[in-house]
Amino acid sequence: MLSRTADHLFWMARYTERAENTARMLDVNVQTALLPQSEDAARQAWRAMLGISELQQAYDRKHGAVTQRDVIEFMVCDPDNPSSIIACLTAARENARAVRGTLTTEVWEVQNQTYLDLRRRLHGGQLRQDPSQFLEWVKYRSHLSRGVTLGTMLRDEAVNFMRLGTFLERADNTARILDVKFHDSESEAETRRDFYYWAALLRSVSGFEIYRKVYRDVITPARVAELLMLRADMPRSLLACMDEVVDNLREVRNDVSSETERLAGQLHAELRFGRIDDILQRGLHDTLTEFLQRIYELGNRVSRDFLVPLAA
């Protein structure tokens with residue numbers, strides 16, 4: 001496969017996943033904002049969400065004070081924010097258009113229709129009228145995109161590169177959510193509100209029902225961390241994401257990718273054989289910070305090995 005084609009497929013999938021992740025974080029904050037809390041606590045929650053995406057400085061330059069309405073609009077419909085939902089879905093559609101001949105008709109139509117419907121919904125004011133319904137729609141379109149891809153595409157290198165983009169992005173997002181939320185909770189007193197706090201975190205990664213099924217007990221920070229890091233059967237866990245990254249790298253390996261495969265396999269093995277007690281003893285924040293650095297390096301290596309066209 002031409003590296004330029006692989007690049008478009010990789011980023012089409014990655015941008016679609018990023019839009020869904022942004023919608024998930026926003027939706028949880030909208031729901032938790034309804035809980036009894038001080039104005040300062042609510043403001044800190046919205047600022048923490050900007051921190052997850054490393055957008056605090058960009059937001060401050062444009063808005064200054066942190067308010068729910070401004071953060072939502074910045075994260076959804078600000079074209080100057082490269083991580084906003086409209087920027088991500090526009091980029092996903094442009095990447096899909098560039099490789100239209102590689103995609104099935106169904107996959108292209110989902111990407112194109114998502115972009116067109118997004119603009120209609122924003123111009124129609126749905127975001128301000130009912131933010132949760134709009135964000136659910138974004139998540140649904142991402143699910144539809146993945147389902148149509150797996151249901152209609154030939155299982156060749158095109159799908160492998162799309163899966164690589166999806167799961168590298170998902171691993172990065174899960175680690176960021178867990179790091180920020182876990183770090184914030186350490187300074188809070190144990191209160192009844194903690195249940196809703198951790199339940200909201202789990203819902204942001206579709207993990208609340210899974211947690212109940214696996215542990216059948218009260219929600220504790222250590223078990224949340226274990227579920228989101230070390231459970232291979234949890235679809236958005238770090239281990240589940242690395243399972244997919246390693247498998248898809250194996251399918252597209254080339255003459256220069258052996259070191260990338262080795263580094264991915266090493267990170268995968270550490271998660272597969274890791275224990276949450278050892279991770280907590282070492283320090284969850286340090287572990288997740290290192291994971292984010294390594295997943296960033298892995299993404300750069302994938303680009304260097306497969307996606308960037310060779311110089312003439």
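Reply: Let's start with D117 and R120, whose side chains meet in a salt bridge with an N to O distance of 2.3 Å. Both sit in helix α6 (residues 105–123), and because they are 3 residues apart there, about one helical turn separates them. D117 is buried, with a relative accessible area of 16%, since the cut-off for buried is under 20%. Keep in mind that this is a predicted model. As for the idea behind such pairs, side chains of opposite charge can pair when their charged atoms come close.

How many salt bridges are there by this rule? The count comes to 33, so let me pick out a few.

Take E17 and R146, which form a salt bridge at 3.1 Å from N to O. E17 belongs to helix α1 and R146 to helix α8, so this pair ties together parts that are 129 residues apart in sequence. Are the two partners buried or exposed? E17 is buried, at a relative accessible area of 1%, whereas R146 is partly exposed, at 21%.

S142 is placed in helix α8 (residues 131–152), and with a relative accessibility of 2% it counts as buried.

Now for another bridge. D60 pairs with R47, and their closest N and O atoms are 3.2 Å apart. Here D60 lies in helix α3 (residues 56–62) and R47 in helix α2 (residues 39–52), so the pair links distant parts of the chain, 13 residues apart. Both partners are partly exposed: D60 has a relative accessibility of 33%, and R47 has 22%.

Let's go back to helix α1, and see how it packs. Helix α1 (residues 3–32) and helix α5 (residues 85–98) meet at an angle of about 160°, with axes 8 Å apart. The two are therefore roughly antiparallel, because angles over 145 degrees count that way. Their crossing is left-handed. On the α1 side the contact includes H8, W11, Y15 and T16, and on the α5 side it includes I85, C88, L89 and N95. By class, this contact has 13 nonpolar, 4 polar and 1 charged residues.

For another kind of packing, look at helix α11 (residues 208–215) and helix α12 (residues 221–230). Their angle is about 105°, and their axes are 11 Å apart. These helices are therefore roughly perpendicular to each other. I210, Y211 and Y215 of α11 make the contact with R223, V224, E226 and L227 of α12. Sorted by class, that contact has 5 nonpolar, no polar and 2 charged residues.

S206 is partly exposed, with a relative accessible area of 36%. In the loop between α11 and α12 sits R216, also not a glycine, with a positive phi of about 50°. R216 is exposed, at a relative accessible area of 71%.

Terms used. Residues are numbered from 1 along each chain as its sequence is written. This is a predicted model: local features need pLDDT of at least 70, side-chain atom pairs count only at pLDDT 80 or more; totals for chains, interfaces and linings use all residues. Side-chain values use heavy atoms; hydrogens and water are left out. Helices (H or I, at least four residues) and strands (E, at least two) are DSSP runs, numbered from the N terminus. Buried means under 20% relative accessible area, exposed over 50%, partly exposed in between (1.4 Å probe, protein chains only). Axes are lines fitted to C-alpha atoms, for helices over the stretch in contact, and angles run from 0 to 180 degrees between N-to-C directions. Angles under 35 degrees count as roughly parallel, over 145 as roughly antiparallel, 65 to 115 as roughly perpendicular and the rest as oblique. Contact means heavy atoms within 4.5 Å. Ala, Val, Leu, Ile, Met, Phe, Trp, Tyr, Cys and Pro count as nonpolar, Asp, Glu, Lys and Arg as charged, and the others, Gly among them, as polar. A crossing is left-handed if the near helix is turned anticlockwise from the far one by less than a right angle, and right-handed if clockwise. A salt bridge is a side-chain nitrogen of Lys or Arg within 4 Å of a carboxyl oxygen of Asp or Glu.
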